[in-house]
Amino acid sequence: MGDTNKIGTRLAMLRNERKLSPAELASRSGLSESELAAIESGRHSPSIAPLVKLSRALGVRLGTILDDAEVTGPVVVKGGRADEVMRVTDSDSQKLGTLTFFSLARGKTGRSMEPFIVDIRPGAKEATLSTHEGEEFIYVLDGEIELRYGSDTIRISAGDSVYYDSIVPHRVSSSAPAKVLAVVYAPF
């Protein structure tokens with residue numbers, strides 16, 4: 001996908017601007033060099049957790065990695081025409097299913113939150129849990145999702161919401177297509 005390569009290209013550019021080798025960035029972020037190489041080349045589409053770790057290691061906000069346009073005033077998205085910024089699919093085993101992120105603040109400079117509409121396509125329940133600094137808010141627009149939060153499993157239906165600390169290992173999945181509004185706060 002083109003946006004995966006765009007994220008990888010942007011990540012490599014930010015790493016090079018800071019004169020960091022792949023080994024240094026991998027070490028600072030806690031990722032392996034091979035995982036970083038796969039992300040930068042576009043062979044791997046990362047979830048939010050590794051992107052948050054990379055943004056912190058680079059000293060930039062998450063949105064700096066996800067987009068490159070800068071808007072100082074309000075950002076308006078009309079009629080659900082949000083731009084797709086990332087698609088996460090576990091291509092090896094389809095464990096995770098597919099999460100497609102549509103940015104609702106693409107280009108807004110200095111933002112502290114990342115609001116997304118996320119389309120969730122079913123996958124198996126054994127996918128790895130994610131953990132990163134910050135908080136997340138999810139409002140289910142359509143369907144039903146399952147939030148694995150630590151050792152708990154919470155079912156959330158259309159019209160329901162959940163707010164949680166994202167440092168606790170977590171994963172969102174669904175047994176049928178679902179759509180959510182997700183707001184991620186990752187402290188800078």
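Mentor: One may begin with the surface. This is a predicted model, and the accessible surface of the protein comes to about 9,200 Å². Carbon and sulfur atoms account for 50% of that surface.

Trainee: How many of the 188 residues, as a percentage, count as buried?

Mentor: Of the 188 residues, 46% count as buried, where buried means under 20% relative accessible area.

Trainee: Which helices and strands does the protein contain, and in what pattern?

Mentor: The protein has five helices and nine strands. Along the sequence, the pattern reads α-α-α-α-α-β-β-β-β-β-β-β-β-β.

Trainee: What share of the contacts with a separation of 6 or more joins residues 24 or more positions apart?

Mentor: Such residue pairs supply 64% of those contacts in the protein.

Trainee: Is strand 3 largely enclosed or open?

Mentor: Strand 3 spans residues 113-121, and seven of its nine residues are buried, so the rest of the structure largely encloses this strand.

Trainee: Which strands pair with strand 3?

Mentor: Strand 2, residues 98-103, pairs with strand 3 in the antiparallel sense over six bridges. Strand 9, residues 178-185, also pairs with strand 3 in the antiparallel sense, over eight bridges.

Trainee: How are side chains arranged along a regular strand?

Mentor: As a general idea, side chains in a regular strand alternate between the two faces of the sheet.

Notes: Residues are numbered from 1 along each chain as its sequence is written. This is a predicted model: local features need pLDDT of at least 70, side-chain atom pairs count only at pLDDT 80 or more; totals for chains, interfaces and linings use all residues. Side-chain values use heavy atoms; hydrogens and water are left out. Helices (H or I, at least four residues) and strands (E, at least two) are DSSP runs, numbered from the N terminus. Buried means under 20% relative accessible area, exposed over 50%, partly exposed in between (1.4 Å probe, protein chains only). Contact means heavy atoms within 4.5 Å. Accessible areas come from the Shrake-Rupley method with a 1.4 Å probe; for residues, only the protein chains shown count as cover. Two strands pair if DSSP finds at least two bridges between them.
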